[in-house]
Amino acid sequence: MTFNFDQVIDRHQTNCIKWDRLPEVFGPDVPQDTLALWIADMDFPVAPPIVEAMRHRLDHPVFGYTFPGPEFFQTCVDYIGRHYHWQVQSDWLTFCPGIVPALNMAVMAFTKPGDKVISLTPVYGPFKAAAESHGRAFISCDLDLDDQLHASIDFDKLESLIDDSCKLLMLCSPHNPLGRVWTRDELSRLGQIALKHNLFIVSDEIHADFVYPGQQHTPLASLSPDLAARSITCYAPSKTFNIAGLAASVLVIPNPQVKKTFDDFKSKMHYSGNLFAYTAMQAAWSSCDDWLAQLITYLEGNRDFLYQEIKDRLPQVQTTKPEGTYLLWMDFKEFARTRGLDSDQALCDYLLQKASLALNQGSSYGLSGQGFMRLNFACPRSQLAEAVDRLAKL
């Protein structure tokens, strides 16, 4: 079966954050024709097997208290093995209503106020928020960018930032917003540093399915039993299958003592899942591989189209081809300088008012993101063509 990712779906007036909250996020004067290319939420229809599974469950007239059963966890085991080549066990897994709650619970469960949490920046904003919201210090280790905007890790710098009060390493893999798919060697060096300094590791691997040809996602915890023993690895179908509104994720915690600590903490927080999250997640991870393969091919085409269009038509904007994710990291510093835009907010407002484009400000991912913008290309290609046309006219 062939799936149509070119279909433009109007998501207005569906309580959609990406489109319906533009005035709240970007200001009340958002142009009516604004293209929302910001938050990491795809504009594609959900895979048919997910819809069919949910409709089937709707046939039963009772939606009472529920739990993820053995079949649910076996589906997770099979998916992780099939897609990430990591053979995990059912008793390593725990359900969580989203990865951001998991980040916060891990900070609270495995560090104490005053401890430090370190991460490679610029990085997904909730990493920093999860640390600072609970009285922990967030330490940024800025990634190095070459003249092609390819990111690399300065391991010496990373190690120099770690002291005895640093207790937790938060890893984004593949990396949001820079689109790096970390190599096995890079992950091994990170792991060695974490073990040397007795760091606990939380690895957010929500973008693991968005890896383009020539790259391979490697779960950090799969590299050694020692790393597995002091890590939590986070997966979710929300980005891949466009079901973020159902709040579903699964955590891989191989160490039984660590898992008990986390599960006990989760129990005290009274976090639970919901019937349709379990239903959708099981369908996504058992019956949608063909849909996913076609999605990745389409996104690769979007990535290549955008890269070439920007290179050919926007000489003052620099970008690179992300190895993973559906997020494009763009250097707007020269563009902003020639227009007298002296802040990310000014740049964001300019793009919104002059081109009706809503993008993420680079500084929201850390100070090293200043002058950059993040664009979500998980949408019909016609919208990307329109976005480039608008930018080229500025």
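In this predicted model, seven strands form an open sheet, and read from one side to the other they come in the order β2-β10-β9-β8-β7-β3-β4, with mixed pairing. The strands β2 (93-96) and β4 (137-142) stand at the edges, and because each has a single partner strand, one side of each is left without a neighbour in the sheet. On average, neighbouring strands of this sheet are turned by 25° against each other, if direction is ignored.

| Strand pair | Sense | Bridges | Residues standing opposite |
|---|---|---|---|
| β3 and β4 | parallel | six | K116 and A137 |
| β3 and β7 | parallel | four | I118 and L169 |
| β7 and β8 | parallel | five | L168 and F200 |

The sheet also has a helix against it: α10 (residues 256-269) packs on the sheet and touches β2, β8 (200-204), β9 (231-235) and β10 (249-252), while its direction makes about 25° with that of β2.

Six of its seven residues are buried, so β7 is largely enclosed by the rest of the structure. In the loop that lies between β7 (166-172) and α8 (184-196) we find S173. Is S173 buried or exposed? With a relative accessible area of 2%, S173 counts as buried, because the cut-off for a buried residue is under 20%. If its neighbours within four places in sequence are left aside, the residues in contact with S173 are W182, L187, S203, D204, E205 and H217.

Two further helices meet each other. The axes of α3 (residues 48-58) and α11 (residues 275-287) come within 8 Å and cross at roughly 140°, which makes α3 oblique to α11, and the crossing of these two helices is right-handed. On the α3 side the contact is formed by P49, I50, A53, M54, R57 and L58, and these meet L275, F276, T279, A280, A283, A284 and S287 in α11. What kinds of residues make up the contact of α3 with α11? They divide into ten nonpolar, two polar and one charged.

Note on methods
Residues numbered from 1 in each chain as written. Predicted model: local features only at pLDDT ≥ 70, side-chain atom pairs only at ≥ 80, totals over all residues. Heavy atoms only, no water. Pairing = 2+ DSSP bridges. Axes fitted to C-alpha atoms, helices over the stretch in contact; angles between N-to-C directions. Contact = heavy atoms within 4.5 Å. Parallel < 35°, antiparallel > 145°, perpendicular 65-115°, else oblique. Left-handed = near helix turned anticlockwise from the far one by under 90°. Nonpolar A, V, L, I, M, F, W, Y, C, P; charged D, E, K, R; others polar. Buried < 20%, exposed > 50% of the residue type's maximum accessible area, 1.4 Å probe, protein only.
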